[in-house]
Each structure stands twice: as C-alpha cells, then as structure tokens.
Amino acid sequence: MKQVTAIIKPFKLDEVREALSELDLNGLTITEVKGFGRQKGHTELYRGAEYVVDFLPKIRLDVIVPASRCDEVIEAIVRAAQTGKIGDGKIFVTAVEQVIRIRTGETGLAAI
C-alpha cells in the first residue's frame, strides 16, 4: 500500500476530488495548510502599504491506495491540479506498512 500526499492550490480542490472520485477511491483526507516552496511567497499591496505574504494557503490531500493503483492516482492528481504556473504543488508517495479500521478491526487492503 502507498500513501499519496499532494499539496495543491485551493481552487483546484474540486477538480482533483472529481478526478479521484472517477477512480472509485474509498477514502480521502483534506487539510488546509500554509507553506511555501521555491516561490518564497509574494508581496501584496493593501491600503497603500506593501507587505510580504510568506506562507501561501494550500490544500493537503492524503489518500491510501494499493501499490498497483498508485500511478493512476498520481496521474489523475497531476492532470486535475496542473495550471502550468509556479506554485502548482507537489506529490509525495510513501510506503504504508499497515492499515487498521478501528470500528471493525479489519487490517490491510480490507481496511482501506
């Protein structure tokens, strides 16, 4: 099993969710986060004063999938979240050793 973690722009969330729902995934976790990458934030003008926005709002999306479906999930996220502009985000893939459904005690792929 793999955990796919994607950091995306907030306005792309609906498109990414729809792309993943077309893959018939069972679960998804969304978190509102702030951060920066190479772009290092940006400056904005507010009431005549310029100020620096260091941490930009992003969405963190986590999904656990069988290793065999990992590539299709990544492709769906990239296709839906890509704007071609700086700050589109990143995807991280990590191995998941074990999953346990608390309610039933199911483990492994049955618990996803």
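**Ile 8**

I started at Ile 8, which counts as buried because its relative accessibility is 2%, and the cut-off for buried is under 20%. I note that the model is a predicted one. I placed Ile 8 in strand β1. Next I listed its contacts, leaving aside neighbours within four places in sequence. Ile 8 touches Leu 13, Val 16, Lys 58, Ile 59, Ala 81 and Asp 88. I also checked Ile 8 against Val 33. They are 25 residues apart in sequence, and their C-alpha atoms are 9.8 Å apart in space.

**The sheet**

I then looked up the sheet that holds β1. It is open, has 4 strands in the order β2-β5-β1-β6, and pairs antiparallel. Which strands form the edges? I found β2 (29–35) and β6 (89–95), each pairing on one side only. On average, neighbouring strands here are turned by 20 degrees against each other, direction ignored.

I went on to one pair. Strands β1 (residues 2–8) and β5 (residues 56–65) run antiparallel and are joined by 7 bridges. Within that pair, I found Gln 3 of the model opposite Ile 64 in β5.

**Helix α1**

Helix α1 covers residues 13–21 and packs on the sheet. I see it touching β1, β2 and β5, with its direction at about 10 degrees to that of β5. Which residues of α1 are buried? I get Val 16, Ala 19 and Leu 20. Seen down the axis of α1, these fall within an arc of 95 degrees, so they line one face of the helix. I checked what they pack against: β1, β5 and α2.

**Asp 24**

I moved on to the loop between α1 and β2, where Asp 24 lies. Its phi is near 60 degrees, a positive value in a residue other than glycine. I flagged this, as most residues other than glycine have a negative phi. Is Asp 24 buried or exposed? I read it as exposed, because its relative accessible area is 60% and the cut-off for exposed is over 50%.

**Helix α2**

Helix α2 (residues 70–81) lies across β1, β5 and β6. I noted that it runs at about 5 degrees to β1. α2 has 12 residues and reaches 16 Å from first C-alpha to last, close to the 16 Å expected at 1.5 Å a residue.

I listed the buried residues of α2 as Cys 70, Val 73, Ala 76, Ile 77, Ala 80 and Ala 81. They cover an arc of only 130 degrees around the axis, which puts them on the same side of α2. On the other side of α2, I found Asp 71 and Arg 79 exposed. What covers the buried residues of α2? I found that the cover includes β1, α1, β5 and β6.

**The core**

I finished with the largest nonpolar core, which has 17 residues. Those with the most contacts inside it are Val 4, Val 16, Leu 20, Leu 61, Val 73 and Ile 77. The most comes from α2, with 6 residues.

I took Val 73 for a closer look. Not counting residues up to four places away in sequence, Val 73 touches Val 4, Leu 20, Leu 23, Leu 25, Val 63 and Val 65. I set a general point beside this: in soluble globular proteins, nonpolar side chains tend to be buried together.

Terms used. Residues numbered from 1 in each chain as written. Predicted model: local features only at pLDDT ≥ 70, side-chain atom pairs only at ≥ 80, totals over all residues. Heavy atoms only, no water. Pairing = 2+ DSSP bridges. Helix = DSSP H or I, 4+ residues; strand = E, 2+ residues; numbered from the N terminus. Axes fitted to C-alpha atoms, helices over the stretch in contact; angles between N-to-C directions. Contact = heavy atoms within 4.5 Å. Core = buried A, V, L, I, M, F, W, Y, C linked by side-chain atoms within 4.5 Å. Buried < 20%, exposed > 50% of the residue type's maximum accessible area, 1.4 Å probe, protein only. Arc of directions from axis to C-beta. Expected span 1.5 Å × (residues − 1).
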